Amino acid sequence: MITVEGLNISLPGFRLRDINLSIKENEFFILMGPTGAGKTVLLEAIAGLIPVTSGKIIIGKNEVTRLSPEKRDVSIVYQDYALFPHLTVQENITYGLHFHRIEKHQAEKRLNRMLEILNLSPLQDRLPINLSGGEKQRVALARALIVNPRLLLLDEPLSALDRGFREEVRNALKKLHQSSNVTFLMVTHDFAEALSLAERAAIMDKGRIEQTGSIEDIFQRPGSTFVADFVGMKNLFAAQFRDTRAIIKNLEVELGRQPINSHGYIAIRPEDIVISKEALHSSMRNSFLGTVIGVFDQGFYYEVHIEVKNVIFKSLITKRSLLELKILEGADIFFSFKSTAIHNF
Amino acid sequence: MKREPFFWVTISCGLVIMAFILLPLIELMTAPSVSMLKETIKDKDVVRSIWLSIYTAGSAALISFVFGTPLAYLLARSEFRGKRLVEGIIDLPIVIPHPVVGIAILSVAGKNHWIGQLFSELGIRIMGSVTGIIIVLTFVGLPFYINAVRGGFESISPRLEKVSRSLGASMFTTFFRITFPLAWRSMLVGIIMCSARAISEFGAVVIVAYHPMIAPVMIYERFEAYGLKYSQPVAVWLVFICLVLFLILRMLTLRKPKEA
């Protein structure tokens, strides 16, 4: 259990205010937020690399707020890998073992396990300059995990990678988390990463935590307009897949394709949902008759909530369409969306 | 393709500057005969003064290394109020006229100042001593060491040190296992820059210590007493040594450092 209580940090030109977090043992927890929200500062404070003004950081049963970083058993992995350029892959990975009293035999066993899990054996004697981005990040992961930390901090570990490598490292992360009892705390910008890796998350903005909760909660029930705006994808549903169809509660949605890489979610952006008076006979594969349960002014747009079979869809329409279609609460209305507008993760 | 006139301006200015630097040096180096050079290097006074120059400049570099490295690290890694002021103070010895440096040091080391009194009670002589020369050379060379090493530290990502700490290494261990192996090249460059600057100092040294005689003072004396012809061979030997230092510097900085 990692607990952060009322944490305040003052840096020149930046402040973290009243941060409260509680992460369960062996959980995969995600921290999201726009650039400059203070995510990296929070990670470095938990690692002991930035002095804390007030508040507490508790890892397990021990308060570590004033403990120096080398005594915390907290490893960190950065977006830019931060490999030691003068050391080989093997020397990089085993660096931390020098400072933990570990038998030689045990150390070798751990090294071999890391090399195997992360598929690094053929690269052992290379210098970091001769590695690809994905390889570098796998080395950084091995180096961080070989010391058996209580907590692994990941600062956007996938953002600097090309698409192919990103998938590779993401799978490695998942595998590492499942095969160890280390708690993972990861910063990311990418919703797909968040959904595929974590159960719970927190959203940060301007040095504060805006919302903490299960990923689904955060996406479906944003606690503030900031979070709602930030997550963007307002129609997010846990779904089961049957062939090319997704089933949300009792509602069947046509994907028009086999679901790929499925973690059991589908999402539709609100602007992709079209509202009409009559059923549309067009290329839209999904068309439903629902009841309007709410209309919300969003400035330039209106957000319309439509319920069908206990599933609530959110659509964005212009004020003009709202008036033309005479949308009122309680009215029955058709809405449709293309199967290509459905994202699944 | 027809070259722009601007291109020819840049080329001709470059050529003028090359000639401006190289002509006097080549003229100097080729003026004394080989036999004269041989004879000069057999002169015990000349050897002693050149050796003293190397020795004092090297000592100044060593002192800069010991005291300057931590300060360079501090300047590279932390932001604090008055940092600009500290940086300005470090650069002061570069902009102060050389004889003024000598006079300033003497005014602290003289009998009218408590530091000078303390030194004389301890039996340390500044005026006309090797100690005095080393103090002066450290004063003028220190900025070159600190600036070079500071740049070296700045080019090492602080994240490497952070990762090292998080893996269980103390700050001292981190410095010796990570920072130093990545920064030693810049320290060596700093040492060479500092000693190259120190070995060429004349104006400040001549005020603090005419004797024992470092090479630049001897060159000046021979020029004053016997004329150009007698000062040239000593100058050639000194230039030769400075060139060797310079060559080592170029070799070290031209080699590409490893990238992360």
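The contact, defined by heavy atoms within 4.5 Å, takes 29 residues from chain A and 21 residues from chain B. The model is predicted, so local features need pLDDT of at least 70 and side-chain atom pairs count only at pLDDT 80 or more, while totals for chains, interfaces and linings use all residues. Residues are numbered from 1 along each chain as its sequence is written, chains are lettered from A in the order in which they are written, and side-chain values use heavy atoms, without hydrogens and water.

About 2300 Å² is buried between chain A and chain B, 65% of it on carbon and sulfur atoms; buried area is the accessible area (1.4 Å probe) that two parts lose on being put together, summed over both. In chain A, the most area is lost to chain B by A:Glu70, A:Pro85 and A:His86, together 26% of what that side buries. Three salt bridges are counted between the chains, each being a side-chain nitrogen of Lys or Arg within 4 Å of a carboxyl oxygen of Asp or Glu. In one salt bridge, the side chain of B:Arg159 meets that of A:Asp80 at 3.3 Å, N to O.

Chain A also holds an open sheet of six strands with mixed pairing, in the order β6-β7-β8-β3-β9-β10. Strands are DSSP runs of E with at least two residues, and two of them pair if DSSP finds at least two bridges between them. β6 and β10 (208-214) of chain A stand at the edges with a single partner strand each, so one side of each has no neighbour in the sheet. Strands β3 (residues 28-32) and β8 (residues 183-188) of chain A pair in the parallel sense over five bridges, and A:Ile30 stands opposite A:Met186 in β8(A).

Technical notes: Helix = DSSP H or I, 4+ residues; strand = E, 2+ residues; numbered from the N terminus.
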